[in-house]
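Open the viewer and get ready to click along.

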Amino acid sequence: MLLQRFLIRLLTMLITLFGVAVVVFVVIRVAPGDPIAMMLPPGATDDDIARLRALYGLDKTIVQQFFIWLSGVVRGDFGTSISLRQDVLGLVFNRLPATLELAIVALIMAVLLGGTMAILGARERGTAVEAGIDIASGAALSIPDFLWGLVLILLFGVLVPIFDISGRVSPQLDLPFVTQFYLFESVLRLRFDLTWDLLKHMLMPAVALALPLAAIIAQLLKQSLKEVLDLDYVVQARVKGFSETQVILREALKNAALPTLTLVGVQFTFLIGGTVIVERLFSYEGLGNMAIDAVINRDLPLIQGIVLVFALLFVLINLAVDMMYALLNPRLRHG
Amino acid sequence: MDEARIVRRGAGPRLWLAGGWLLLVLLAAIFAPLVAPQDPLAQDLMLERLPPFWLDGAEPGYWLGTDSLGRDLLSRLIFGGRIAFIVAFAAAIAACLVGSTLGLIAGYFGGWADRIISRIVDIWMAFPPVLFAILLVAVLGTGLSSVILAIAIIDWTRFCRVIRAEAMGQSRMDYVENARIAGYGRIGIMLREVLPNVLPSIVALLSLEMGIAVIVEAILSFVNLSISTDDPTWGGIIAEGRLSIHQAWWVLVFPLITLILTVLSFSQFGEALKTRFDPVLR
């Protein structure tokens with residue numbers, strides 16, 4: 001049952017990725033401007049142009065071109081960046097860790113903040129505390145990460161300048177890192193001075209990304225908790241003398257968390273999508289910031305590569321969430 | 001539906017506050033040449049970075065101060081509202097028409113139509129929306145129509161997903177079956193019976209989408225990819241404000257407040273309208 005579900009999901013995932021590749025290919029080919037003309041110096045002969053067209057397969061039909069391009073992509077050959085003159089895949093993998101670290105820190109913050117608000121709201125249900133949490137989460141949800149980023153820049157970059165609002169790490173620092181996972185590696189190397197510097201840079205963009213997700217978690221988890229808290233087994237736990245907080249943490253949470261978990265998975269992809277503009281806002285050197293530069297420089301191979309890597313990341317997260325849901329949901333597990 | 005819920009979700013002050021703000025911005029945008037105190041493009045280096053009116057050093061007539069080129073901030077916000085509202089209405093309506101139609105078809109007819117449409121939605125959801133928007137505008141070329149088209153191309157899925165689910169629910173209801181027995185055609189039932197019942201959701205989503213379109217336009221003009229750089233846009237002013245944040249905070253603060261109020265108003269307005277039009281809640 002589980003394996004069957006996994007295989008079906010895997011197949012849909014491949015179809016989705018194929019569709020993404022088709023869309024990217026079409027969008028890029030619609031772009032005005034002859035890519036060959038841009039590569040050649042002025043005064044190139046028609047012969048030169050024809051030769052280069054043949055070299056890049058542009059003399060073939062559009063369908064043939066697509067499959068030539070796709071077979072390259074499948075082998076990991078995303079081409080060479082026009083603006084940076086480097087292998088696209090290398091560039092993408094160089095920046096991806098920065099974005100992943102930011103997204104994961106934001107996710108952890110969202111879960112902690114949203115979870116706390118949900119538990120507090122469920123414990124104090126029907127009081128002014130719950131009403132306050134509802135208003136706060138409503139506002140956090142309606143305002144997108146781009147605007148939260150700007151608000152945070154004003155509050156903690158200008159008004160009370162306690163956090164860094166630009167870059168990933170202080171430029172004067174000597175970095176001993178061999179990987180691009182700076183935060184992770186700084187902890188492993190016990191260089192907590194660097195960890196602190198990285199976190200100071202990461203905190204504001206991460207909060208901007210985390211707030212809308214925290215609001216969703218707060219609302220949904222609180223709702224599920226309130227439903228579970230009326231069930232018999234929870235009432236029994238209360239009779240046994242557990243405090244309300246203990247009841248929530250020990251009994252209610254694990255049964256109420258499943259719907260939230262599924263939603264968090266989907267919302268996590270939205271959060272990753274948000275890194276594109278939030279990284280730009282905070283000059284954070286991640287994949288999204290590079291993507292915007294690539295678009296501005298009309299660096300089509302690099303854009304293709306970045307979009308495909310984002311898409312792969314999204315479908316993998318969805319697949320993982322789906323499998324986690326199947327594993328944790330007793331009805332599906334024993335079905 | 002219990003009464004407490006209707007009272008709590010009543011449309012009252014929320015609808016009026018949100019609608020009032022949107023009307024104010026809309027009117028200011030429409031009559032921009034009449035209400036803007038200054039020419040939004042006029043540069044005057046003698047007047048650069050004037051603070052807003054309540055601070056020392058302010059000039060009369062420049063209520064919210066000026067930017068680093070001496071351009072009047074309030075006038076630029078008012079003219080920027082024009083672009084914001086044109087994009088909001090045009091993009092949201094286009095996304096709504098495409099998304100709702102496909103959602104209605106997928107939800108009501110099911111089967112192959114549903115499978116194909118849902119697969120396309122899945123593919124669309126695998127793109128990071130902001131990056132997709134930036135890419136589309138880069139490919140289509142900057143300009144108002146490209147921005148509108150890009151937002152519509154990306155955000156139709158928002159309508160499609162919700163309307164599909166609702167239409168699916170509606171098509172299982174008794175009244176649809178009754179209409180079928182009474183001899184109505186399938187397309188007739190879809191348009192005459194199912195559509196009116198999903199309309200409140202469409203209206204709420206439409207208002208929400210307008211707010212999102214305003215944000216996307218601001219993001220695009222923030223990265224300098226929206227319309228020509230001469231015309232004032234909210235995102236363009238924000239980009240300028242982000243650069244001069246330590247010298248002139250007001251250049252960032254006022255467009256930010258304008259954007260936040262506008263986005264909140266669109267979402268609240270939509271929610272309130274939904275409550276008002278919902279045949280069940282009403």
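What share of the contacts in chain A with a separation of 6 or more comes from residues 24 or more positions apart? These residues account for 71% of them, where a contact means heavy atoms within 4.5 Å.

A word on the ground rules: this is a predicted model, in which local features need pLDDT of at least 70, side-chain atom pairs count only at pLDDT 80 or more, and totals for chains, interfaces and linings use all residues. Residues are numbered from 1 along each chain as its sequence is written, chains are lettered from A and ligands numbered from 1 in the order in which they are written, and side-chain values use heavy atoms, leaving out hydrogens and water.

Next, select A:F146 and B:F222. Their ring centres are 5.5 Å apart and their planes stand at 70°, so this pair is edge-to-face (ring centres of Phe, Tyr or the six-membered ring of Trp within 6.5 Å; planes over 60 degrees apart). The pair crosses between chains, with A:F146 in helix α7 (residues 145–159) of chain A and B:F222 in helix α9 (residues 186–222) of chain B; helices are DSSP runs of H or I, at least four residues, numbered from the N terminus. A:F146 is buried at a relative accessible area of 0%, and B:F222 is buried at 13% (buried is under 20%, with a 1.4 Å probe and protein chains only).

Now move to the aromatic cluster formed by A:F18, A:F25, A:F66, A:F67 and A:W69.

Last stop: show A:R168, which lies over the face of A:Y182, 4.1 Å from the ring centre (CZ of Arg or NZ of Lys within 6 Å of the centre and within 35 degrees of the ring normal). In chain B, the charged end of B:R115 sits over the ring of B:W112, 4.7 Å from its centre.

Technical notes. Rings of Phe, Tyr and Trp (its six-membered ring) pair if their centres lie within 6.5 Å; planes under 30 degrees apart count as stacked, over 60 as edge-to-face and the rest as tilted. Helices (H or I, at least four residues) and strands (E, at least two) are DSSP runs, numbered from the N terminus. Buried means under 20% relative accessible area, exposed over 50%, partly exposed in between (1.4 Å probe, protein chains only).
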